[in-house]
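Here is a short briefing on a two-chain model. Look at the structure first, then read the points below.

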Amino acid sequence: MTVEGRAKKAVNDNPVVKGLLHPGQTYLSVTEKITEVVLTRDTPLAWMIGFAVVGMFFMIFLLAVTYLFYQGVGIWGIMVPVAWGFAITNFVWWIGIGHAGTLISAILLLFRQEWRTSINRFAEAMTIFAVAAAGMFPILHLGRPWFAFFIMPYPNTMGLWPQWRSPLVWDLFAISTYGTVSIVFWFIGLLPDLATMRDRAKPKILKTIYGMLAMGWRGSARHWERYKVAYFLLAALATPLVVSVHSIVGLDFAYALVPGWHSTITPPFFVAGAIYSGFAMVFTLAIPLRKVFHLEGLITMKHMDYMAKVMLATGLIVAYGYAMELFMGWYSGSTFESYLIQNRAFGPYALWYWLLILINVVIVQALWFPQVRKNLVVLFILSIIINIGMWLERFIIIVVSLSRDFLPSAWGFFTPTIWDWAILFGSMGFFFTMMFLFVRSMPSISIFEVRELVHKTHQAEAEA
Amino acid sequence: MAQDGPQLYGLMAEFEEPDDLVAASEKVRDAGFHAFDAYTPFPIEGLGEAVGHKRSLIPILVFSGGLIGALTAFGMMYSSAVIFYPINSGGRPLNSWPAFIPITFELTILFAALTAVVSMFFLNKLPMPYHPVFNVPEFQRASQDRFFLCIEADDPKFDLDKTRAFLEGLGPEKVSEVAP
């Protein structure tokens, strides 16, 4: 075997860096490749078209919110007993999508999974924008949104304090902490890359902007030491945080007595579903990103394979959750619990329920096959289907449970109006608009961590 | 010292490979220099030790931040629910501490995380709008693909000619003077 052949084999056999980078990468080549996405002057046509489309949906969102504030929540299909409708469905769904970003950036960092490196940055950005999209809904769904601040503890002339025993108050703290920690984690990760942007940008205005954001970062060895400690601690703090956030969202439901909500499985079930749908969204974003900006050398098929496996594993946990719901409906011996199951499967929303089962229990099994995990078109379509499935799950938990609870005389039926749909698709418009702007203004792959990976690859070569 | 000639911040050596920089830093440290630093485009294992970095204060600060967060949260809930606005809600005890745990947890994380960020910036003396190392034109590659070592003129052992000769002996690509 030649020397070169041996080196290549060593890299391929190395468990740490195996297949994560295409061969022949240097510090400069990865730096150029990633900064080019932002600094190039000719914006890809695909970006322009995509931005026009998502921007239009963002405008629909602004229109829908304006009309909502003018007219009130009566424009939606909600009524008593289904008072939560689409708004809270969207809230739970968006929060869940954010969770994969934190899982990739924090939990995989703690487990030293090198494959997170190429995907953590835009997954973190995804988290921030998803949490921002989610955070709007609890305020939008209030009848009097201008009183939203009443939930915050502050000394007021009424002498009132929030009810600390309410999960809705916990939610305020969980979501705002999650949003804040996600933003600082993202910014800290971005800091050395902002310095790279400052040093590579040609126009003076860009140099100044990136220079101010980089805060004078100069890559000092002493700075790196403190940086690494702070970054790891943030990851260690974000890990239990992400589990707590969706657990608390789950407790919003588990605390209430409504059949279908009042269950101890809700918090872990919500967390698994969150990671599952979040990974689907990472696919939805990563596949076009690597195609349009030619990042195949950095986001490799190995990444796709690993992410697909995580998605499959969490999908199976979700499927287990459905099975447990069915089992508990029977095993509890409660009239209302068993009626809930009957109502889900054969009631007025049965079609939605079976669609959910089809997607999250049946279709997701396709990921067992390596051929599927290697086919980007199939993965992309699958990721969109899975996100629809997870949205349906939130919808079924909220709307189907509320519409028929205890007394048949108090039952109701929720039909979404055009404004319900406008605000759902509009919120996607907001999210994707932000992602489009992010990709063209900040390095969407962590440059310094990819350089570390290049260094490790070189070391593996040298050992051969 | 530097006062004799033209004002000088220090001497900077440029390396192509991270391992050469670590080896050079160890030699500089062993030669008795204290006021020097290495600059790299990514964190390098063992380099902190090579430039004489001691254990960081950050973990202790973060722990204290978390503790303050926990006390703030629990104190806020206890004082409002038990002292300032006691309400009998469904016969539950006023100090129903298990229900106070989620917010206590969240604020512990929030305070600890913000402490980690603020102390990292504070101890690194960032933001720093001006620093002499940026006067070396090649230094813009310190954030891309080159590895630098700068011995500062403040160091008592610093002597322009001798230190330059010493740095040249470490096998760098180039040695440049850094304007203050």
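Helices (H or I, at least four residues) and strands (E, at least two) are DSSP runs, numbered from the N terminus. This is a predicted model, in which local features need pLDDT of at least 70, side-chain atom pairs count only at pLDDT 80 or more, and totals for chains, interfaces and linings use all residues. Residues are numbered from 1 along each chain as its sequence is written, while chains are lettered from A and ligands numbered from 1 in the order in which they are written.

**Chain A: overall form**

- Chain A has 16 helices and 0 strands.
- Along the principal axes, the C-alpha atoms of chain A fill a box of roughly 80 × 55 × 40 Å.
- Of the 464 residues in chain A, 48% are buried. A residue is buried if 20 or more other C-beta atoms lie within 10 Å of its own, exposed if 12 or fewer, and partly exposed in between; C-beta atoms are placed from the backbone.
- Among contacts in chain A with a separation of 6 or more, 82% are between residues 24 or more positions apart. Two residues are in contact if their C-beta atoms, placed from the backbone, lie within 7 Å.

**Chain B: overall form**

- Chain B holds 5 helices and 4 strands. Their order along the sequence is β-α-β-α-α-α-β-α-β.
- The radius of gyration of chain B is 25 Å, well over the 16 Å that the globule rule gives for 180 residues, so chain B is more spread out than a compact globule.
- The box filled by the C-alpha atoms of chain B is roughly 80 × 35 × 30 Å, taken along the principal axes.
- Buried residues account for 41% of the 180 residues of chain B.
- Of the contacts in chain B between residues at least 6 apart in sequence, 79% join residues at least 24 apart.
- Chain B is assigned domain 1 (12-41 + 150-180) and domain 2 (58-123). These bounds come from an automatic or database domain assignment.
- The C-alpha centres of domain 1 and domain 2 of chain B are 48 Å apart.

**The sheet of chain B**

- In chain B, 4 strands form an open sheet in the order β2-β3-β1-β4, with antiparallel pairing. Two strands pair if DSSP finds at least two bridges between them.
- β2 (36-39) and β4 (174-178) of chain B are at the edges with a single partner strand each, so one side of each has no neighbour in the sheet.
- From one strand to the next, the twist averages 20 degrees. Axes are lines fitted to C-alpha atoms, for helices over the stretch in contact, and angles run from 0 to 180 degrees between N-to-C directions.
- β2(B) and β3 (residues 147-152) of chain B run antiparallel and are joined by 4 bridges. Ala38(B) stands opposite Leu149(B) in β3(B).
- Helix α1 (residues 18-30) of chain B lies across β1 (10-15), β2 and β3 of chain B, at about 15 degrees to β3(B).

**The interface**

- The contact takes 48 residues from chain A and 52 residues from chain B.
- On the side of chain A that touches chain B, α2 (27-39), α6 (167-200), α8 (221-254) and α16 (447-463) of chain A each supply at least two residues.
- α8(A) gives the largest share of that side, 16 residues.
- By class, the side of chain A that touches chain B has 27 nonpolar, 12 polar and 9 charged residues. Ala, Val, Leu, Ile, Met, Phe, Trp, Tyr, Cys and Pro count as nonpolar, Asp, Glu, Lys and Arg as charged, and the others, Gly among them, as polar.

**Backbone points to check**

- Most residues other than glycine have a negative phi, and most peptide bonds are trans.
- Val80(A) and Pro81(A) are joined by a cis peptide bond, with omega about 15 degrees. Pro81(A) is in the loop between α3 (45-71) and α4 (85-110) of chain A.
- Leu126(B) and Pro127(B) are joined by a cis peptide bond, with omega about -5 degrees. Pro127(B) lies in the loop between α4 (97-123) and β3 of chain B.
- Met215(A) is not a glycine, yet has a positive phi of about 60 degrees. Met215(A) is found in the loop between α7 (204-214) and α8 of chain A. Met215(A) is partly exposed, with 16 other C-beta atoms within 10 Å.
- Lys125(B), also not a glycine, has a positive phi of about 55 degrees. Lys125(B) is exposed, with 11 other C-beta atoms within 10 Å.

Note on methods. Rg over C-alpha atoms; globule rule 2.2 N^0.38 Å.
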